[in-house]
Amino acid sequence: MMGRIRNLWRRKNLQSDIEEELQSHLEFAAEGAVRDGMAAEEARRTAKLRFGNPAVIREQTQEADAAFWLEGLLRDIKFALRQMKHSPGFSATAVLTLALGIGGITSVFTLVQQVMLRMLPAANPQQLWVIGDYSGCCMSSGYTQSNGTFQNDWTFFSWEAYQLFRGHTPAFGQLAAFQIGEGNAELAVRRGGSRSPAESRNGEYVSGNFFQTLGIAAWRGRLFTDADDQQGAPSVAVMSYHAWQGQYGSDPSVVGSSFAFDGHPFTVVGITPPNFYGAKVSMGDMPDFWMPLATEPMMAGPASRLKNPAAAWLDLIGRVRPGRIRRNCRRSCRANCRSGSQAMQAI
Amino acid sequence: MAKNDLQGSLDLLVLKTLSQRGRLHGYGIVLHIQQASDELLQVEEGSLYPALHRMEQNGWLSSEWALTDTGRRAKYYRLTMKGRKQLREAEAGFEQLVKGIRTMLRYA
């Protein structure tokens, strides 16, 4: 079955295959000219002229500064499959997503955006993109999803990688990270002053700009800012509406009060809106609490993943600056994926 | 004569390049032909890729995407068995062509 999909995929993908080949040629040509002493800009122009088809690379040049664009196809398909497992209602979407996946990357991506990301109660969800890899990026053997081993898996990222991406992606107005769905932080939670035993809650570590990136406004209190996601900042948390309503009786005094998470004191500073289930749009394992990434070392102790460059435990989601054309995204994605992989090796 | 037209000579150059260098991407083929011919031959990139794809369709070349030494992705070509046979034929054909033209030019 996967073999059949792969073949279909390859045929449909031929056009972009050629396009990518021509682009790689232009890049080599420009590099060669630069080595021969030509200024980079001049080299690019010469390569273009020699090639005789400026249309092929026009967009690439425009987007040359937009670093590290990676499309999220593989991630989204995996996500779709996960969703299929969890909620039957999602199956139609997932199947449709996979079906369109055979038809082409762009349509999948658009659909995933519309159906999944658009379900987020976020401002301008069409500007939101998930970063991940896909078959056309940094793999020599194409579509490797079927065998279950994710060689060169660029779907989950380390905190270092997140910092790198965040610092080098001008096309993203905001780039946020959140803990991947598997292994959400299990928290033993007890409200300050309460005598009842601690209860198990689901926590998720997110970057300080997570809610801003999604454009989520607080239902009560406030949500995180980057200032909350600094080492040494007071430990704060945000509670989901569902936990607030279901576990704490919509008690308004929850906001501003102190909670112990695994014995560590946190202040709940706000509640998310009722229709926000987390960035995964999955009700199954939605977080009850969100905590800044910077609190992870304190909570996890020696097992902390924050400063471990080998720990890929974050999903990245970004908001594209208005005016950046999505059509260009695939091109610069490929170009920058390569420099991305070099940078990653350097880490 | 069809085999000995200009397109045929580009095919020959590509086949010969790959037989000498093993595995190369398109840009590498351009460079090799340029260097090996003492800069006398410049391959038009615009005609190279259609030729490569056509030769692959003919079964003379196989291709695969791989990373270069510097971590760039590129499509690499190599000769197939059929391609080696084609190279021998094309070389022989070309010698005939050159011989024929030279003889004709010397005809007085």
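**Close-up views of a predicted model**

**View 1. A nonpolar patch on the surface of chain B.** Together, I101(B), M104(B) and L105(B) make up a nonpolar surface patch with about 350 Å² of accessible area. Patches gather residues with over 30% relative accessible area and no salt bridge, joining like charges within 9 Å and nonpolar side chains (Val, Leu, Ile, Met, Phe, Trp, Tyr) within 5 Å; a salt bridge is a side-chain nitrogen of Lys or Arg within 4 Å of a carboxyl oxygen of Asp or Glu. Accessible areas come from the Shrake-Rupley method with a 1.4 Å probe, and for residues only the protein chains shown count as cover. M104(B) sits in helix α4 (residues 81-106) of chain B and is exposed, with a relative accessible area of 58%. Here, buried means under 20% relative accessible area, exposed over 50%, and partly exposed in between (1.4 Å probe, protein chains only).

This is a predicted model, where local features need pLDDT of at least 70, side-chain atom pairs count only at pLDDT 80 or more, and totals for chains, interfaces and linings use all residues. Residues are numbered from 1 along each chain as its sequence is written, chains are lettered from A and ligands numbered from 1 in the order in which they are written, and side-chain values use heavy atoms, leaving out hydrogens and water.

**View 2. Helix α2 of chain B.** In helix α2 (residues 26-36) of chain B, 8 of the 11 residues are buried. Among them are Y27(B), I29(B) and I33(B). After α2(B) comes D38(B), with a positive phi near 55 degrees. Helices (H or I, at least four residues) and strands (E, at least two) are DSSP runs, numbered from the N terminus.

**View 3. Strand β10 of chain A and its partner.** Strand β10 (residues 314-320) of chain A has 7 of its 7 residues buried. One side carries L314(A), L316(A), G318(A) and V320(A), the other D315(A), I317(A) and R319(A). Strand β2 (residues 172-179) of chain A runs antiparallel to β10(A), joined by 7 bridges; strands pair if DSSP finds at least two bridges between them. F178(A) has D315(A) as its bridge partner.

**View 4. Confidence along chain A.** The mean pLDDT (the predictor's confidence in each residue, from 0 to 100) of chain A is 66, and 50% of its residues reach 70 or more. Confidence in chain A is lowest in helix α7 (residues 105-116), at a mean of 35, and highest in strand β6 (residues 236-239), at 97. Where pLDDT is low, the predicted coordinates should not be read in detail.
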